[in-house]
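Please examine the sequence and the model shown below. The paragraphs that follow lead through its backbone, its strands and its charged side chains.

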Amino acid sequence: MTVPDGFRQACLLDEVPEPGSLRVEFDEIDVAIVRSDGAVYAIEDVCSHAEVALSEGDVEGATIECWMHGSCFDLRSGAPTGPPATEPIDVFDVQVTDGVVYVNATARPTFGSRQNLAAVLKQKEQATS
Ligand code: FES
């Protein structure tokens with residue numbers, strides 16, 4: 001089996017509760033792998049409101065709710081869908097093959113307010129080459 005270009009292994013699908021999420025680390029970036037209603041998502045594991053882990057929040061449909069103050073985010077786009085957060089979070093493309101979850105670290109650098117995963121990984125590559 002070949003890993004698609006740009007994708008890196010994140011975890012096994014069985015490690016992620018459904019509905020629920022699992023925090024994984026890509027270098028210094030925390031990513032939440034989320035399962036809900038048969039879908040798998042990958043989001044930046046940091047609430048854009050006060051920077052706590054979203055992987056500890058509740059998942060329902062395509063929404064994750066922050067446990068701290070209740071902000072909701074669309075798992076597909078990263079857009080805030082419930083206050084108090086007003087800034088989006090980064091989302092990443094996911095592929096599940098043979099029970100393994102792969103995340104594309106470069107495909108969807110989104111519009112989050114913080115430096116995104118793709119940018120961080122690119123900087124690290126440049127620093128080591
Ligand atoms: S820290 Fe997430 S809603 Fe406040």
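Glu 51 counts as exposed, at 52% relative accessibility; here exposed means over 50% relative accessible area, buried under 20%, and partly exposed in between, with a 1.4 Å probe and protein chains only. Glu 51 is found in the loop between β4 and β5, and its phi is near 60°, a positive value in a residue other than glycine. The coordinates are those of a predicted model, in which local features need pLDDT of at least 70 and side-chain atom pairs count only at pLDDT 80 or more, while totals for chains, interfaces and linings use all residues. Residues are numbered from 1 along each chain as its sequence is written, and side-chain values use heavy atoms, with hydrogens and water left out.

Asp 37 likewise has a positive phi, of about 50°, although it is not a glycine. Asp 37 lies in the loop between β3 and β4 and counts as exposed, at 69% relative accessibility. Most residues other than glycine have a negative phi, and most peptide bonds are trans. One joins Glu 18 and Pro 19, with omega about -5°, and Pro 19 lies in the loop between β1 and β2. Another joins Pro 83 and Pro 84, with omega about 10°; Pro 84 is found in the loop between β8 (80–82) and β9 (91–97).

Helices (H or I, at least four residues) and strands (E, at least two) are DSSP runs, numbered from the N terminus. Along the sequence, the pattern is β-β-β-β-β-β-β-β-β-β-α. Strands of a sheet pair through backbone hydrogen bonds, either parallel or antiparallel.

Ser 21 is placed in strand β2, and its bridge partner in β3 is Val 34. Is Ser 21 buried or exposed? Ser 21 is buried, with a relative accessible area of 14%. Not counting residues up to four places away in sequence, Ser 21 touches Val 16, Ile 33, Val 34 and Ser 55; contact means heavy atoms within 4.5 Å. The side chain of Ser 21 also reaches the backbone oxygen of Ser 55 at 2.8 Å.

Arg 23 is partly exposed, with a relative accessible area of 40%, whereas Asp 30 is buried, at 19%. Arg 23 also forms a salt bridge with Asp 45, the closest N and O atoms being 2.7 Å apart. This pair links distant parts of the chain, 22 residues apart: Arg 23 is in strand β2, and Asp 45 is in the loop between β4 (39–44) and β5 (58–60). Asp 45 counts as buried, at 0% relative accessibility. Through salt bridges that share partners, Arg 23, Asp 30 and Asp 45 are joined into one network. Elsewhere, the side chains of Asp 74 and Arg 76 meet in a salt bridge at 2.9 Å, N to O, and Asp 74 is buried, with a relative accessible area of 15%.

Finally, the chain may be viewed as a whole. Of its 129 residues, 48% count as buried. Among contacts with a separation of 6 or more, residues 24 or more positions apart account for 40%.

Terms used
Two strands pair if DSSP finds at least two bridges between them. A salt bridge is a side-chain nitrogen of Lys or Arg within 4 Å of a carboxyl oxygen of Asp or Glu. A polar contact is a pair of N or O atoms within 3.5 Å; within protein, one must be able to donate a hydrogen and the other to accept it, and residues adjacent in sequence count only if both atoms are side-chain atoms.
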